[in-house]
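I opened the model to look up a few things in turn. My notes follow in the order in which I checked them.

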Amino acid sequence: MSVKQAVSPYVHAGLSRALRPARKRAFREQFEAARRSGPVRVNIGCGRKPIEGWINTDVVWQADAYLDVTQPWPVPAGSVDYIYADNVIEHIPLEIGRAVFRHAYEALKPGGVFRLATPDVEAVARQYLENGELARAGMERNRERGKDFVHPVQLIRETFVGAKHYLGFCYDLASIRAEMAPFGFVVERVPAGTSEHAALSGLEVRMHPAEQATALIVEGRKPVDRAA
């Protein structure tokens, strides 16, 4: 390990702490501006991948605005139209993920939508067990991304270990629906890149056929007849 690699985590942590007050102010300012012009669209856990027209948030310094989605949102209840999380929820342990769902539901307006993209454990397991064309496509896609894939079992390893998802919780459709529903969400599986809501269309970036086939993308809607 180089000196740069050794000190990098400490540098990033220091920058995140130092810039947090400014990023919190940025969130408040962007939120108020979005409320005036509408709709309020919040991209959570965005890292260095902002979406134009959204309030791009994270707990790391690279994001434009700071928002800790494991805590109550610093906004009035029922004031957010759309929330998006692209490959975020699987990095969060199950118990803390429940807090994420609870606070997101509280922040959403009635009729608002929380869209999530995350690996689909069931689809990845079938990809490996069937060991057919989808497995070959998945292995080739990983090779294109510079990874040394020689065995189909690596598809399983990549899902749980490659991005340290084992520190969080990986879902299938049944589990994410079961976790979101108690807070009031009506959960529907949707295809990558498409939505009946224009604001939620075209957001996914992992659009290779092998990636789409192993992705779990859902929209959790807050019913219009329920309070925050």
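Helix α6. I looked up which residues of α6 (residues 173-180) are buried, and found L173, S175, I176, E179 and M180. Buried here means under 20% relative accessible area, exposed means over 50%, and partly exposed is in between, with a 1.4 Å probe and protein chains only. Helices (H or I, at least four residues) and strands (E, at least two) are DSSP runs, numbered from the N terminus. An α-helix has 3.6 residues a turn, so residues three or four places apart point the same way. I then checked what covers the buried residues of α6, and the cover includes α2 (94-107), β5 (108-119), β6 (186-189) and β7 (215-221). Contact, in these notes, means heavy atoms within 4.5 Å.

Source of the coordinates. This is a predicted model, in which local features need pLDDT of at least 70 and side-chain atom pairs count only at pLDDT 80 or more, while totals for chains, interfaces and linings use all residues. Residues are numbered from 1 along each chain as its sequence is written, and side-chain values use heavy atoms, with hydrogens and water left out.

Whole chain. I counted seven helices and seven strands in the protein chain. From the N terminus on, their order is α-β-β-β-β-α-β-α-α-α-α-β-α-β. The radius of gyration is 18 Å, close to the 17 Å that the globule rule gives for 228 residues, so the chain is as compact as a globular protein of that length. That radius is taken over C-alpha atoms, and the rule is 2.2 Å times the number of residues to the power 0.38. The C-alpha trace spans about 50 × 50 × 30 Å along its principal axes. Of the 228 residues, 43% count as buried. I also looked at contacts between residues at least 6 apart in sequence, and 73% of these join residues at least 24 apart. The accessible surface comes to about 12,000 Å², and 54% of that belongs to carbon and sulfur atoms. Accessible areas come from the Shrake-Rupley method with a 1.4 Å probe; for residues, only the protein chains shown count as cover.

I picked N43, which lies in strand β1 (residues 41-43). N43 is buried, with a relative accessible area of 3%. Leaving aside neighbours within four places in sequence, its contacts are K49, P50, I51, W54, I55, N56, T57 and Y84. Next I took V80, in strand β4 (residues 80-86). V80 counts as buried at 0% relative accessibility. Not counting residues up to four places away in sequence, V80 touches F31, V40, V42, W73, V75, A107, L108 and K109. I noted also that V80 and A199, 119 residues apart in sequence, are 13 Å apart in space, C-alpha to C-alpha.

Backbone checks. Most residues other than glycine have a negative phi, and most peptide bonds are trans. I found a cis peptide bond from G38 to P39, with omega near -10°. P39 lies in the loop between α1 and β1. N131, in the loop between α3 (121-130) and α4 (133-144), has a positive phi near 50°. N131 counts as partly exposed at 42% relative accessibility. K164 has a positive phi near 60° and sits in the loop between α5 (153-162) and α6. K164 is exposed, with a relative accessible area of 51%.

P191. I found this residue in the loop between β6 and α7 (209-213). P191 counts as exposed at 53% relative accessibility. Not counting residues up to four places away in sequence, P191 touches R115 and I217. The C-alpha atoms of P191 and V218, 27 residues apart along the chain, are separated by 8.3 Å.

Cavity. How many cavities of 30 Å³ or more does a search of the whole structure find? I got one. A cavity is a set of points, on a 1 Å grid over the protein atoms alone, where a 1.4 Å probe fits but cannot get out, and lining residues have an atom within 4 Å of a point. Grid points are joined across faces, edges and corners, and a volume is the space filled by probe spheres set on the points. About 50 Å³ of space lies in the largest cavity. Its lining is S16, L19, R20, R23, D58, V59, V60, W61, A63, A65 and Y66. The elements giving two or more residues to this lining are α1 (3-37) and β3 (65-66), and α1 gives the most, with four residues.

Key:
1 Å grid on protein atoms, 1.4 Å probe; cavity = no way out; pocket = protein on both sides within 12 Å on 5 of 7 lines; lining within 4 Å.
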